[in-house]
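Here's a quick briefing to read with the model open in your viewer. Take it topic by topic and follow along on screen.

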Amino acid sequence: MVRNNIAAARKQPSESSLKEILSSFWDPNGRVMMAVHRGNWKQAPENSLAAIQYSVVAGADMIEIDVQQTADGVLILMHDETVDRMTNGTGSINEMTFRQLRELRLRQYQGGINQTLTNYSIPTLEEILILIKNKVMINLDKCWDYREQVYEVLLRTGTVSQALFKSTASAAEVQLFLADKIEQPLYMQIIDDSNPEMVQDIDYICAAVQPQAFEICFEDEADERISIEVLDRIKSNHCRIWTNTMWDSICGGHSDIISRVDVSEGWEWHIRRGVNMIQTDDPEGLFAYLNE
């Protein structure tokens, strides 16, 4: 069993304060920000409390997490809809109670039957938010279908200003969610293979929804979604631009992997394009590059 070793992690002296992170986030032309994918899973199980803490240590501005809902309505962290890959159990999360899930143990790194079983349990969204409060921002994935319940947890923990919702939903659907909230949620519009036509509606989306950012996923660098014209239109609407470099198929081959060989074709390619938020599986490498 791998021991829970969060306490052994040393915080880097260069870690940005939340005040500076939020100031940068709200400046659409500000510095390039780093988002860590599913927490720093090369140090601990993805989406675990330890992976989140190690992301803070690695200098993350934002940490992407995946939220699922149990049969009894508890919001927990898990990328898959089942527990099979990441735990010593089997079954669908929405058919299991939180008590059943809490008895399971997470497998190391990105899981799989051959990975070591740790003594980490599946965390709740509330536990994660308490951990990151006043430290870093959070990017909320996989939870658009129960966004209202997520928002209630953000309110309860005082972390609304630190959490970024995102979806591929229509402007009308997003407007309905954002309307009349006690504290205004942050929102990022995703444009990917499921809604490529949205590139024609960027001005309308910005007027109707006022997103803080756009996440662009593209398989080919010739895709209209990542064209200079589209990115300029996003920037002219005072929004940040987010891309993902975890694997080739969502960033036209300009990924973390190529960055280790030729950074000019990896992270630097995105930055030259005008991207100022990068989600990575290599936080130590990207942090070092951005702080050269």
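Two strands count as paired if DSSP finds at least two bridges between them. With that in hand, strand 5 and strand 6 (residues 186-191) run parallel and are joined by 4 bridges. Keep in mind that this is a predicted model.

**Strand 5 and its neighbours**

- On the other pairing, strand 4 (residues 137-141) lines up with strand 5 in the parallel sense, over 2 bridges.
- Which residue stands opposite Leu164 of strand 5? That's Asn139.
- Over towards strand 6, Phe165 has Tyr187 as its bridge partner.

**How the chain gets from strand to strand**

- Strand 4, helix 5 (residues 147-157) and strand 5 together form a β-α-β unit, and this unit is right-handed.
- From strand 5 the chain goes on through helix 6 (residues 171-178) to reach strand 6, in a β-α-β crossover that is right-handed.

**Burial of strand 5**

- In a regular strand, side chains alternate between the two faces of the sheet.
- For strand 5, one side carries Ala163, Phe165 and Ser167 and the other carries Leu164 and Lys166; all of these are buried, so both faces are covered.

**Helix 2 against helix 4**

- Two packed helices are described by the angle between their axes and the distance between those axes.
- Helix 2 (residues 49-57) and helix 4 (residues 125-132) pack at about 25°, and their axes are 10 Å apart.
- Angles under 35 degrees count as roughly parallel, and helix 2 and helix 4 are therefore roughly parallel to each other.
- The crossing of helix 2 past helix 4 is right-handed.
- On the helix 2 side, the contact comes from Leu49, Ile52 and Gln53, while helix 4 brings in Glu127, Ile128, Leu131 and Ile132.

**A look at His37**

- You'll find His37 in strand 1 (residues 33-37).
- Is His37 buried or exposed? It's buried, with a relative accessible area of 4%, and the cut-off for buried is under 20%.
- Leaving out residues up to four places away in sequence, His37 touches Glu64, Met246, Trp247, Gln279, Thr280 and Asp281.

Key. Residues numbered from 1 in each chain as written. Predicted model: local features only at pLDDT ≥ 70, side-chain atom pairs only at ≥ 80, totals over all residues. Heavy atoms only, no water. Buried < 20%, exposed > 50% of the residue type's maximum accessible area, 1.4 Å probe, protein only. Right-handed = clockwise from strand over helix to strand, strands pointing away. Axes fitted to C-alpha atoms, helices over the stretch in contact; angles between N-to-C directions. Parallel < 35°, antiparallel > 145°, perpendicular 65-115°, else oblique. Left-handed = near helix turned anticlockwise from the far one by under 90°. Contact = heavy atoms within 4.5 Å.
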